[in-house]
Structures are given as structure tokens and as C-alpha cells.
Amino acid sequence: MAAALTLTELDPAGGEHPRGLRTLLVPARAPGQGGPAGLPPVRFVLPQALDVSGGGPRRVRLRVDCHYVDAPAACALPRE
């Protein structure tokens, strides 16, 4: 599974400001091993210089977008 984690910071008016993106490839599980897919810990560093909170607490929003990765994958372009 491929996962993209997008972090945005919210200003007092609710506007979003991009702060980071991480992409992860989560290994597949063997058949019969159901359950939630565990993602490794991810850290985002938010520099104080980019603070848009207006003096209040910083508000952030994390979005996670996941898709299955088909395997074995092959390129559809012809070889030269």
C-alpha cells in the first residue's frame, strides 16, 4: 500500500498553508493476516518562522491518502 501524509497549518481565518508531505510504502501482509496496516512513526518539524497562528496555539491538519499498489508492476511503454 502507498500512503501520502499531507500536513497543513491553519491560520485564524481557517486558511490552509502547506507544511509538509511524506510518502510511505507499507509492505503487504501475508494471506490470512488481516487487521489494520501499521505505519511507521512520522515526524514533521514546524519552524517558528512559518507560524501563522497570530499568537494563539498552532492548529494543524493531517490528511492521509492511501492506495493499493499492484504487483508485479510493469511499464506499459515500449522498450527501444
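**Entry 1: Asp-51 and its partner.** I began with Asp-51, which is partly exposed at a relative accessible area of 25%. This is a predicted model, so I read every value here as computed. The side chain of Asp-51 meets that of Arg-58 in a salt bridge, with 3.7 Å from N to O. I looked up Arg-58 as well: its relative accessibility is 26%, so it counts as partly exposed too. The cut-offs I used are under 20% for buried and over 50% for exposed, with partly exposed in between.

**Entry 2: who else is linked to this pair?** I then checked how Glu-9 and Arg-19 meet: they form a salt bridge, and their closest N and O atoms are 2.9 Å apart. This pair links distant parts of the chain, since Glu-9 sits in strand β1 and Arg-19 in strand β2, ten residues apart.

Is Glu-9 buried or exposed? I found 0% relative accessibility for Glu-9, so it counts as buried. Arg-19, at 21%, counts as partly exposed. With the limit for buried set at under 20%, I wrote down both numbers and not just the labels.

Entry 3: Next I looked at Glu-16 and Arg-63, whose side chains meet in a salt bridge at 2.9 Å, N to O. Here again distant parts of the chain are linked: Glu-16 belongs to strand β2 and Arg-63 to strand β3, 47 residues apart. Glu-16 has 35% relative accessibility and therefore counts as partly exposed. Arg-63 has a relative accessible area of 40%, so I put it down as partly exposed as well. How many salt bridges are there by this rule? The count comes to five.

**Entry 4: Ser-53 in the loop.** I moved on to Ser-53, which has its place in the loop between β2 and β3. Its relative accessible area is 8%, so Ser-53 is buried. What does the side chain of Ser-53 reach? One thing I found is the backbone nitrogen of Gly-55, at 3.4 Å. The side chain of Ser-53 also reaches the backbone oxygen of Gly-56, at 3.0 Å.

I then left aside the neighbours of Ser-53 within four places in sequence and looked for its contacts: they are Glu-9, Pro-12 and Arg-58.

Entry 5: I stepped back to the strands. The chain has zero helices and three strands, and from the N terminus on its elements run β-β-β. The three strands make an open sheet in the order β2-β1-β3, with antiparallel pairing. At the edges I noted β2 (16–25) and β3 (59–67), each of which pairs on one side only. Neighbouring strands of this sheet are turned by 15 degrees against each other on average, with direction ignored.

As a reminder to myself, strands of a sheet pair through backbone hydrogen bonds, either parallel or antiparallel.

**Entry 6: bridge partners, looked up one by one.** Strand β1 covers residues 2–10 and pairs with β3 in the antiparallel sense over nine bridges. β1 and β2 also pair in the antiparallel sense, over nine bridges. Which residue of β3 is the bridge partner of Ala-4? I found Asp-65. Towards β2, Ala-4 stands opposite Thr-23.

Leu-7 has Leu-62 as its bridge partner in β3, and Thr-8 stands opposite Pro-18 in β2.

I also looked at the hairpin of β1 and β2, which has five residues between the strands; there Gly-14 takes a positive phi near 95 degrees.

**Entry 7: totals for the chain.** Last, I took down some numbers for the chain. It has 80 residues, of which 14% count as buried. Among contacts with a separation of 6 or more, residues 24 or more positions apart account for 54%. The accessible surface comes to about 6500 Å², and 59% of it belongs to carbon and sulfur atoms.

Methods: Residues are numbered from 1 along each chain as its sequence is written. This is a predicted model: local features need pLDDT of at least 70, side-chain atom pairs count only at pLDDT 80 or more; totals for chains, interfaces and linings use all residues. Side-chain values use heavy atoms; hydrogens and water are left out. Two strands pair if DSSP finds at least two bridges between them. Helices (H or I, at least four residues) and strands (E, at least two) are DSSP runs, numbered from the N terminus. Axes are lines fitted to C-alpha atoms, for helices over the stretch in contact, and angles run from 0 to 180 degrees between N-to-C directions. A salt bridge is a side-chain nitrogen of Lys or Arg within 4 Å of a carboxyl oxygen of Asp or Glu. Buried means under 20% relative accessible area, exposed over 50%, partly exposed in between (1.4 Å probe, protein chains only). A polar contact is a pair of N or O atoms within 3.5 Å; within protein, one must be able to donate a hydrogen and the other to accept it, and residues adjacent in sequence count only if both atoms are side-chain atoms. Contact means heavy atoms within 4.5 Å. Accessible areas come from the Shrake-Rupley method with a 1.4 Å probe; for residues, only the protein chains shown count as cover.
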